[in-house]
Amino acid sequence: MTLRTRIMDDLKAAMKAGQSERVAQIRAISAKIKDLDVAARAKSGEVSEDDIFLALRSMIKTRTESAAMYHQGNRPELAAKEEAEIETIRSYLPAELSEDALKAAIVEAVKATDAQSMKDMGKVMGVLKSRFGAALDAGRASGLVKAHLG
């Protein structure tokens, strides 16, 4: 089952179950995918699942920042709403690598690229992205690579 099919099936199920909040969350995801489709028409015409995963990670980042701001502004109800949306979005992403697996992969990538300093960070990240694709959280990985090389 493709990701698009899964999202549409979940939307239908949420509508039938009367889960209005979940319907709104899934519609936001669907709208983001449609935006990608429209943007891709001008370029290549096809949106891959990896492109969709990147967009979903971007949505998570935005909502995480919003939730932090709501917590700072003493608006816990809005922060809880953002956090619920994050959980819904995460359910469509592939399982993330564990901390230990990611650290081991970074060590292997550093050896493979013969990285010596922060100048070589791009090479290491390139190896990690090609190896893990959408399962890689680039933000988390870059922090660990910086710690390893720095």
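A residue is taken as buried when its relative accessible area is under 20%. By this criterion, 34% of the 150 residues of the protein are buried in the predicted model. The accessible surface of the protein amounts to about 9,200 Å², and 54% of that area is supplied by carbon and sulfur atoms.

The protein contains seven helices and zero strands, giving the pattern α-α-α-α-α-α-α when read along the sequence. Along the principal axes, the C-alpha atoms fill a box of roughly 55 × 45 × 30 Å. Where contacts link residues at least 6 apart in sequence, 60% of them join residues at least 24 apart.

Helix 4 comprises 15 residues, numbered 76-90.

The buried residues of helix 4 are Ala-79, Glu-82, Glu-85, Ile-86, Thr-88 and Ile-89. These buried residues pack against helix 2, which covers residues 20-42, and against helix 3, which covers residues 49-72.

As to charge, the protein carries 24 positive and 22 negative charges. The mean position of the positive charges and that of the negative charges are 3 Å apart.

Definitions and conventions: Residues are numbered from 1 along each chain as its sequence is written. This is a predicted model: local features need pLDDT of at least 70, side-chain atom pairs count only at pLDDT 80 or more; totals for chains, interfaces and linings use all residues. Side-chain values use heavy atoms; hydrogens and water are left out. Helices (H or I, at least four residues) and strands (E, at least two) are DSSP runs, numbered from the N terminus. The expected span of a helix is 1.5 Å times one less than its number of residues. Buried means under 20% relative accessible area, exposed over 50%, partly exposed in between (1.4 Å probe, protein chains only). Contact means heavy atoms within 4.5 Å. Accessible areas come from the Shrake-Rupley method with a 1.4 Å probe; for residues, only the protein chains shown count as cover. Lys and Arg count as positive and Asp and Glu as negative; His and the chain ends are not counted. The place of a charge is taken as NZ of Lys, CZ of Arg, CG of Asp or CD of Glu.
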